[in-house]
Number of protein chains: 2
Amino acid sequence: MEVFGGNSFPSPCNTLGFLQKNNSLEEKGRLAGQKNLLSCDNSDRDARFRRTETDFSNLFARDLLPAKNGEEPTIQFLLEVVEILTNYVKKTFDRSTKVLDFHHPHQLLEGMEGFNLELSDQPESLEQILVDCRDTLKYGVRTGHPRFFNQLSSGLDIIGLAGEWLTSTANTNMFTYEIAPVFVLMEQLTLKKMREMIGWPDGEGDGLFSPGGAISNMYSVMIARYKYFPEVKTKGMSAAPRLVLFTSEHVRDHKRVSRMFVPTSPQSHYSIKKAGAALGFGTENVVLLSTDERGRVIPSDLEAKIIDAKQKGYVPLFVNATGGSTVYGAFDPINEIADICEKYNLWLHVDGAWGGGLLMSRKHRHKLNGIERANSVTWNPHKMMGVPLQCSAILVREKGILAGCNSMCAGYLFQPDKQYDVTYDTGDKAIQCGRHVDIFKFWLMWKAKGTIGFEQHIDKCLELSQYLYNKIRNREGYQMVFDGEPQHTNVCFWYIPPSLRGMPDGDERREKLHRVAPKIKAMMMESGTTMVGYQPQGNKVNFFRMVVSNPAATQSDIDFLIDEIERLGQDL
Amino acid sequence: MEVFGGNSFPSPCNTLGFLQKNNSLEEKGRLAGQKNLLSCDNSDRDARFRRTETDFSNLFARDLLPAKNGEEPTIQFLLEVVEILTNYVKKTFDRSTKVLDFHHPHQLLEGMEGFNLELSDQPESLEQILVDCRDTLKYGVRTGHPRFFNQLSSGLDIIGLAGEWLTSTANTNMFTYEIAPVFVLMEQLTLKKMREMIGWPDGEGDGLFSPGGAISNMYSVMIARYKYFPEVKTKGMSAAPRLVLFTSEHVRDHKRVSRMFVPTSPQSHYSIKKAGAALGFGTENVVLLSTDERGRVIPSDLEAKIIDAKQKGYVPLFVNATGGSTVYGAFDPINEIADICEKYNLWLHVDGAWGGGLLMSRKHRHKLNGIERANSVTWNPHKMMGVPLQCSAILVREKGILAGCNSMCAGYLFQPDKQYDVTYDTGDKAIQCGRHVDIFKFWLMWKAKGTIGFEQHIDKCLELSQYLYNKIRNREGYQMVFDGEPQHTNVCFWYIPPSLRGMPDGDERREKLHRVAPKIKAMMMESGTTMVGYQPQGNKVNFFRMVVSNPAATQSDIDFLIDEIERLGQDL
C-alpha cells in the first residue's frame, strides 16, 4: 500500500483520475471499461487516487520542476498528458471515431463548454490545462485517421511520434555539433543515404533538412543563382542579367487544393513562383511549361521557351522538374529535361517533395529515372513516407555550395578554435536561425522499419490507389479527370450526381458540377466521416483529388469513401 | 491479478522492464530505488513484467498500430518511451547529472557500445529502438540543465514540453483552418495579444509564427520591399532602384558565439545580411551602423549613413533596430531611430527575438520604449520566455500586407467555395509550405503561467544576471567587456588567469587571452560540468558571454560557474 503514499513516486495507476472527472458523456463508457484494467483493482488505492484528483485543481505550472519538490507533480502531470495522448492515438485508428468534430471559427472563438481560447494575466490550474489539452484534440482533425485523405501528409506513425516526443524533450537546435552532436551526425548520415538513393556517386554532395518543401525549393533557386552568378550574394540582383526560371504549369502545389475556381488564374507553380517573388527574380520571370493531358511537362515546350527567353535577351537559369505533382501525381520526364538542361547549361532541380519517397520502392523508382542527373532535389519524408510533420530535405550534388551560398563568414570553416572538428557545425549553411531538429523521427523510423519497411508502405499505398482507380473508372456517376492509371497515389475524378448525368456538356452543367465537390466536402466535414481534397485545375471545374499516404487505410476505407460520396451527393 | 493478464491493457507498472535490462551501471542504483516505488510491490506482477521484457525484442514497428492487435504493443511501447523521457526530465534538473557526456564526431560515428547510427535495409526490433532512444539522449546535451548557459534558448519548461508532445500527436499543419482549426485560432489570438503588448492600437495588425528569428527578419525585409516597391514581386529587383538596408554592427546574432577570432571580419549583422543576400539586395547594400561602447546603435550615425546613401543615389528602405543584441544584450534607442525613420520615410523593424520577452515585465519593458512605432517586430518566445524550440513570431502593424506580399492568388480571400470563413486560412500569407504548429506549446504555457508567470520568469533571470555582474565586476581575475549594468541577461567578461594578470597589455597578452576562453570551454565540455558561450567581438579577443534564460538556474549555479572557470583556468 505504501507505494501509493503521499510522498512516494506517483503511481501511473492513478493517471485516470483526471479523465474520470472530466470526460464527456460519450467517453464515459470507454473509460469505465479501461478503469477496470488500469486501476490497481483495489478500493484503498482508488481512495488514494481520488485524493490525487484534487491535486490537479490545486496545482499550477509553478509547482512543477524546477520547483522544489516539483518532481512528483511533474511526472504525474506528464503521465496524465500521456494518458490523454495515448487515448487519442487509440481513437485515431478506430473507425468508429469521427475524423473531425467540425465547428465554425466563430463557434470555437465564442468558447465551447469550458474551452476558452483567451489568454489572461493569471495562471490556470493544471486541471484546466489538462482540460485544454483534451479539448484541443477534441476539436481538431485526426490526420492519422484511416479515412483522412485530405492532404499529402497523413497518418500517425507510432515510431515517428515517439521520435518527436524525444526531440521535444531534448529541446535543442541543429546549429552546432556542440549542442546537437547526435542529431547532427544523424542528419549527415541520413542525407548521405538519401543521396545514394538518388544515385549520386558514393552519395557525395550536401544537404539540409528545412522547414518544408517550399523552403527546400527556395534553397535550390538560391544555390543555382549562386552557382552561375555568385556576385549576386554581395551585389544583389542588379549584378545579374534578367534571369528566368522554368517550372511546370502543374507542379506540386498542395496549397491550392480546396480553393475556389478562378479559371483565368493559373492553378499551379506555387513554391517556385513564391521563391521567384521572394528572391528578387519576380514572378513574371517564372515561366510556366505546358504539360500533356497527364500533367507532365512537354520537353519540347521547355526547349522552345528557353530559346524564346534567350532571343529576348534573358538568361535561362533554372529548371524545376516535378517528381510527383500535387494534383495529378505526375512525374515529369526527367531524362529528357536533363538533356535540355545540359545542352543549355541550366541548373536542374527535381521537386520530389511528394514523389521522392518512390525512390524507396524497387517497383516504382523508375518513375524518377534521371533524377541522378539533377543538381538538386527536394524530398519530403513527411509526405509519402509518413514521417510526422515537418521533415523536408534539400539535397545538393555539389559539395560546399550550400555553405558558399549562405555562409556569412567564409573563414570559419578553416580556422576553428573549438576542440572538435567544426566542419560538423551546419549553421552557416542554412538561411535559418535556430534550426529545428527534424531528423530524429525520420532516422528512428528508418531504423525501425528498414528501407524495406518504407518500400512496403509505398507499394501498399500505390496498390490502394490502383484499387480505387479500378473501382471507379467505369462506375456509373464517375468521370476520370485524365485517362490512364495513376502514376502516383493521386486519383482525380468527378462525381456526377444523378441530376447531372443526363445533362449535355455546356456552361450550365459545368457550373453545376463545379459546385458538387465543395458541397459534398462540406457535408463530409460536418458529418465528420471522412475528408478528401478537391480543386479545379486549369479549365477543369472542381474535382476530387484522392491521395493515399497513410498505411492505416485499407480497401474497406476506399469503399467507404465511395459510398459516402454517393450517399452525400445523390440528391445534389 | 487479472488486470496484468496477457490480454489486458498493459500496466504502466511494467514499463521499467526494458530499462532494467538495458540500463548502464551508473543508472542501476537509481533505477533500483525507483523500482520499489513504481512496481506494484508484488512478485507475481513482477513475473508478468519480466515476460513483457521479452516482448520488445520480438516486436517490430510493423506490430504497432495500425497493425491488427496493435493497440496493446503500441501503448506499451509509448509508455516505455515516456519512461525514458521522464527519467531524462528528472535528471535534467538534477545537478548531480552532467550537462553533457562529450564525444568527438569520429567517436560517435564509430559507434558507442551498441549505438550504431547507420541505417539499414532491415528493421530493428523495438528493443533496439528503445536502446537508440536512450543513447540519443545519453550522448546529447541537456539544454534544460540549470548549468547550461550556452545559448539564448535554454531550459525545459514542463508545460511547453507537454504542449509539444500534444502537437506532435496531432501532427497537422497550419496551412488551413480546415485541418488545424484550433491551432489557427490560437495563433490568431496569441498574435493579437503580442501586438497589444507591443502597443499597436487594439492589437490590430498581422503576423505569423515562422521557423526562427532569421526567417522572421527575412519576412520583415520582404514586407518592407513590398510596401515601397510592390512591383518587385512580379518584375524582380530590377524594377526597384538600388535599395539599402541598415542594421547594427552589433545585432542579435547568436550564431557567432563560439567561433574563431577573425578580427578583420565583421562580427555581427547575421540575419539581416543573410536576408540581404537571399532576397537579392546583396550584402554590400546592408549598411552597418556604429554603436556605442555598450553596443547600442548611435542614431546620428544612422542619419549620416542614410544621407550618404541618398547622395550616392541609393534608396534607403529599411532600418533594423535590435531589441536585445546577442552578445552584449544591447537595446538600440528605438524612439530616436523611429524619429529618423519617420523623417526619411523608412520601414522600421525591431528585432526583438532575444529581448521581446521583456515586454512581459513591467519592470523591464521600458527598454523597448518606442517599439509601438515599429512597422514590424520579430519576437522569439523560444528564447527569453523559455518556450521549447521553435517558436518565433513576425508581427506586422499593417493588416493585409503579409498576404499582399506573399499570396499567389489574390482572389482567393474573397471568393471562397468552402463552407467556412476562409479568411482563417493562413497559408497564402507564408512563404512556407506545410507550416509547423509552433503555437500550441506557447499558448498552453501562457494559459498555465499567465502573463504574470512570464513576468516573474523574466524578472528572475535578470536578477540572476545582476547577481553575476555584481559578483565578478570587482573580483580579481575578471575584466568586464563593457562598463555598467547589463541591460539584458547578457554578462560579458574575460577571465584572466594568474599567469596573465601581471602582463602588460599588448599583442602577446591579447593572443594569450584570446586562447583562454576556448580552452576553458573545451575543458568544461569534456568534464561536462557546465557550458557557457564565448566569442570575440570587433577587436576584442574571445570573452565569455553569460546569458540566463532558464528559470531553473539559481545563485548557486552562478557561483558554481565562477568556481568552475577559476578551477579550469587557474593554470592556463
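User: Which residue of chain B comes closest to the rotation axis?

Analyst: In this predicted model, chain B can be laid on chain A by a turn of 180 degrees and a shift of 0.0 Å along the axis, with an RMSD of 0.0 Å. That is the relation of a two-fold axis. Judged by C-alpha position, the residue of chain B that comes closest to this axis, at 2.0 Å, is B:Leu279.

User: What percentage of the contact residues of chain B recur in chain A?

Analyst: The two copies are related by a turn of 180 degrees. The same surface serves both copies, and the share of chain B contact residues that recur in chain A is 98%.

User: Which residues have the most contacts inside the largest nonpolar core?

Analyst: The largest nonpolar core has 296 residues. From chain B, this core draws at least three residues from each of domain 1 (2–142) and domain 2 (205–412). Apart from it lies another core, of 60 residues, among them A:Phe229 and B:Leu243. Within the largest core, the residues with the most contacts are A:Phe77 and B:Phe77.

User: Which residues of chain B are in contact with A:Phe77?

Analyst: Neighbours within four places in sequence are left aside here. From chain A, the contacts of A:Phe77 are A:Phe56, A:Leu64, A:Leu126, A:Ile129 and A:Leu130. From chain B, they are B:Ile158, B:Ile159 and B:Ala162.

User: Is B:Ser527 buried, partly exposed or exposed?

Analyst: B:Ser527 has its place in helix α17 (residues 507–527) of chain B. Its relative accessibility is 24%. Buried means under 20% and exposed over 50%, so B:Ser527 at 24% counts as partly exposed.

User: What separates the C-alpha atoms of B:Ser527 and B:Leu100?

Analyst: Not counting residues up to four places away in sequence, B:Ser527 touches B:Lys98, B:Glu564 and B:Arg567. Its side chain also reaches the backbone oxygen of B:Met524 at 3.3 Å. B:Leu100 is 427 residues apart from B:Ser527 along the chain, and their C-alpha atoms are separated by 8.3 Å.

User: What percentage of the residues in chain A are buried?

Analyst: Chain A has 18 helices and 12 strands. It exposes about 18,100 Å², of which carbon and sulfur atoms supply 47%. Of the 572 residues in chain A, the buried share is 69%.

User: Among contacts in chain A between residues at least 6 apart in sequence, what percentage join residues at least 24 apart?

Analyst: The count takes in contacts between residues at least 6 apart in sequence. Of these, the share joining residues at least 24 apart is 74%.

Note on methods. Residues are numbered from 1 along each chain as its sequence is written. Chains are lettered from A and ligands numbered from 1 in the order in which they are written. This is a predicted model: local features need pLDDT of at least 70, side-chain atom pairs count only at pLDDT 80 or more; totals for chains, interfaces and linings use all residues. Side-chain values use heavy atoms; hydrogens and water are left out. A nonpolar core is a set of buried Ala, Val, Leu, Ile, Met, Phe, Trp, Tyr and Cys residues joined through side-chain atoms within 4.5 Å. Buried means under 20% relative accessible area, exposed over 50%, partly exposed in between (1.4 Å probe, protein chains only). Domain bounds come from an automatic or database domain assignment. Contact means heavy atoms within 4.5 Å. Copies are superposed by least squares on the C-alpha atoms of residues with pLDDT of at least 70 in both. Helices (H or I, at least four residues) and strands (E, at least two) are DSSP runs, numbered from the N terminus. A polar contact is a pair of N or O atoms within 3.5 Å; within protein, one must be able to donate a hydrogen and the other to accept it, and residues adjacent in sequence count only if both atoms are side-chain atoms. Accessible areas come from the Shrake-Rupley method with a 1.4 Å probe; for residues, only the protein chains shown count as cover.
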